[in-house]
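Here's a quick walk through some helix packing and a bit of surface. Have the model open while you read.

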Amino acid sequence: MSLNQLGSYVAWLVVPGAVSAALQQGYYQVFYPAANTAPRRDTPTYRRDQRISYMVVIVGYLIYTTYTTVTGLVAQGNFYSLLNLPIDVDEKSVRRRFRTLSVLSHPDKGTGNEDVFIALKLASETLSSPLRRFAYDRFGMPALSWPEGKSELEYAISGIQSSFPQYVVSFVVMVVLSLFRQSAFGSYWRFYAYFAEFLIELHLITRTDIQEFVATYSPYPFTIRELIVLSRSLLITLSIAAAQLGPVLFPASIQPSTKLVREQQDVMKAMISKLAKVTDAINTEVTSTFITQTQPFLLPPQTKLANQVGETYFKQKLQQYLVDLKLRSRPEVRDAIKRAVHAQETEIDSKVGIQRPSPT
């Protein structure tokens, strides 16, 4: 991981949060100009707007970093853009183009430029040699300082060996960063991007079809090395963006500690035990009340028909009880019962010499 990539990662940690907060406040100032009308921090509306502004900033920053990477590669240029040649140019066309440009930039000319002439000569010599061109296209300028190889395989092995320390350092940095992650959502995205980049780079080194495909749509002649740099930047940026957006789009619930879970389980067990005791007591009381209330309607235990007609007998007695209750609730029946009871009590009182008032 280079210093630029590390700086990009640090920027990804700082920039989106600060910019999204400023964007949200600016939005509230425009659409809620009156005082105390903007959503408060503890409301669902505020949290929704916060998520939206954060996603907008993340996507915008993703586009911006991709754009700066592409424009940086184009501004830096390569041997093809220096000679103004397509990526699939042949050796004869390279030499012909060099002769044309060297006339204008030769140091012996009054308008010549020695630095430009040296760069044009190096570009011509590199692109005119199939082996050096193979190494330059895949590994960039550092490949020109390697010992002269006898085959493309030797250059490929040298290039892989030169990239190996970078992959080791990148892996160690990702492991260290994963130890300080704020969310478990993006903990593995960097490793996915790491192995994906390894496979992409291995494919680009061994194949040339992707370079020709890009050349059909891009006016700039991207080399394989530049495509590798671009893919690294994109994968790192996408992995960081995924790690940033993941907790926002899919917020994970906070997992309680083991001790807290055990305490909650003990409390629940105590409540369940207490509830079971209360339920048993209520059940016992209800059963006792039910037996007491229904005993008058049940057949005597010694009745032989108890097991045969018990249910029918119970229904008949219950029906008779309900009818009697209905009749007793009528005013005329209730008054008649009172008079009959009073008459009986008067008769008994007359025998013992007691006089009671007549019922109303």
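Which residues make the nonpolar surface patch of about 610 Å²? In this predicted model, the patch is made by Phe164, Val168, Phe171, Val172, Val175, Val176 and Phe195. Helix 7, residues 152-179, is the biggest giver here, with six residues in the patch. Valine 172 is one to click on, and it sits in helix 7.

Now for the helix pairs. Two packed helices are described by the angle between their axes and the distance between the axes, so here are those numbers.

| Helix pair | Axes come within | Crossing angle |
|---|---|---|
| Helix 4 (residues 91-105) and helix 5 (residues 114-128) | 9 Å | roughly 170 degrees |
| Helix 5 and helix 6 (residues 130-139) | 5 Å | roughly 105 degrees |

Take helix 4 and helix 5 to begin with. Their axes cross at roughly 170 degrees, so the two run roughly antiparallel to each other. On the helix 4 side, the contact uses Glu91, Val94, Arg95, Phe98, Leu101, Ser102 and Ser105. Facing them from helix 5 are Val116, Phe117, Leu120, Lys121, Ser124, Leu127 and Ser128. Sorted by class, the residues of this contact are seven nonpolar, four polar and three charged.

Helix 5 also meets helix 6. With axes crossing at roughly 105 degrees, helix 5 is therefore roughly perpendicular to helix 6. Helix 5 brings Leu122, Glu125, Thr126, Leu127 and Ser128 to this contact, while helix 6 brings Pro130, Arg132, Arg133 and Tyr136.

Notes:
Residues numbered from 1 in each chain as written. Predicted model: local features only at pLDDT ≥ 70, side-chain atom pairs only at ≥ 80, totals over all residues. Heavy atoms only, no water. Axes fitted to C-alpha atoms, helices over the stretch in contact; angles between N-to-C directions. Helix = DSSP H or I, 4+ residues; strand = E, 2+ residues; numbered from the N terminus. Parallel < 35°, antiparallel > 145°, perpendicular 65-115°, else oblique. Contact = heavy atoms within 4.5 Å. Nonpolar A, V, L, I, M, F, W, Y, C, P; charged D, E, K, R; others polar. Patch = residues over 30% accessible without salt bridge, like charges linked within 9 Å, V, L, I, M, F, W, Y side chains within 5 Å. Areas by Shrake-Rupley, 256 points an atom, 1.4 Å probe, with all protein chains shown as cover. Salt bridge = Lys/Arg side-chain N within 4 Å of Asp/Glu carboxyl O.
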